[in-house]
Amino acid sequence: MTPTILVVADPLVPEAVRARLREAVREAAPGAPLILPETDAEALERAPDAEIAAGWSLPEGFTERAPRLRWIHAFTAGVDHFVGMPGVRDGRVVLTRTVGAHTAVPEHVMALVLAFSRRLHIAIRNQIAHRWDRPSGVGGEVRGQVMGILGLGQIGRALAELAAGAGMRVIGTRRTPAPVAHVERIFPPDRLDEVLREADYVVVLLPVTPATRGLLGERELRSMKPSAVLINVARGVIVQEAALVRALREGWIAGAGLDVFQQEPLPPGHPLYALDRVIVTPHVSGITPRFFDRVAAAFCDNLRRYAAGAPLQHIVDVSRGY
Ligand SMILES: NC(=O)c1ccc[n+]([C@@H]2O[C@H](COP(=O)([O-])OP(=O)(O)OC[C@H]3O[C@@H](n4cnc5c(N)ncnc54)[C@H](OP(=O)(O)O)[C@@H]3O)[C@@H](O)[C@H]2O)c1
């Protein structure tokens, strides 16, 4: 029987992109009924029909209302908002994630690293104030500096290649100790401190799991060099934000480049907006005009496999949480 496919395309996604997504799904699974709910309420109402569901997120209570559901495909790389869903948690529903679409994230990190190195965050603030201040504009160079990547997974590895290409030395952490190209030394999670102590740029690319939620607090931030910069492009909850604000105000670290926050959108008046040693981007590090086509292609590749009874790619190991 042809599976009924339900795709929740975030209303923020431009209509042209949603149309391309619909077209790609129809091409990959011709004749399969396709449900495209416009609202969460509609997604919940149509959940009982769905055998496959895909989206950036699914509304709360979705899996409980979907007895025919066999497979969820996350358009995201991080799956923290899917792994706890009933059905996924107990293995009734297979969960796959998007790999290979977020190629802009390493570029975004390098842009932040170079911006801090060349003090562009200060230059832009000076420019807005019509201030010509050469002493505050004198930057450093990244060649020979150490990047510490926390989470050497798909994205962390691509970042290691870029950073090494820029002449940086790369160290990092991962759960399993196997070597990674362009990375000088790899530490297990319990040796995180060694990376924090040595790195000039600490980049968070970890998944959210019970072990990583709130992982970077006062003790960890104080272990970093006062000249070091923290860059978080993973998830806001991995860094304890109140401790980070203190670290920046009191100079435990030199700066922070942040794409993700505990609360998104970051509310007006939040201290992170006002600190001049912070660069805030609104959770966009993965997005480019080509991003959505890659997301659709990755889903459709798996859809063809599903239709052919072939094994799915990028299945999430729910027991480890990523
Ligand atoms: N800002 C954005 O728009 C954006 C875009 C894409 C992704 N992200 C975030 O970036 C994260 C990383 O993405 P990815 O595709 O690279 O994930 P991934 O391929 O699953 O890699 C995760 C890495 O973290 C390591 N890890 C897991 N638990 C750890 C721990 N406790 N200590 C140290 N290392 C640990 C893993 O170790 P092993 O290698 O040993 O398994 C793996 O190397 C995602 O989870 C997502 O939240 C954000």
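In this predicted model, seen here with residues numbered from 1 along each chain as its sequence is written, an open sheet of 7 strands runs in the order 8-7-6-9-10-11-12 with parallel pairing. Strands pair if DSSP finds at least two bridges between them; helices (H or I, at least four residues) and strands (E, at least two) are DSSP runs numbered from the N terminus. Local features need pLDDT of at least 70 and side-chain atom pairs count only at pLDDT 80 or more, while totals for chains, interfaces and linings use all residues.

At the edges of the sheet stand strand 8 (185-187) and strand 12 (278-280), each with a single partner strand, so one side of each is left without a neighbour in the sheet. From one strand to the next the twist averages 15°. Strand 12 pairs with strand 11 (residues 255-258) in the parallel sense over 3 bridges, and V280 in strand 12 is the bridge partner of L258.

Turning to the helices, helix 4 (residues 104-117) packs against helix 7 at an angle of about 45°, the axes being 8 Å apart (axes are lines fitted to C-alpha atoms over the stretch in contact, with angles from 0 to 180 degrees between N-to-C directions). V105, P106, V109 and M110 of helix 4 meet I155, A158, L159, L162 and A163 of helix 7, contact requiring C-beta atoms, placed from the backbone, within 7 Å.

Helix 7 (residues 154-165) also supplies the largest share of the shell around the ligand, 3 residues. Of the 30 residues around the ligand, G78, G151, G153, R175 and P189 come nearest, where near means a C-beta atom, placed from the backbone, within 6 Å.

Notes
Two residues are in contact if their C-beta atoms, placed from the backbone, lie within 7 Å.
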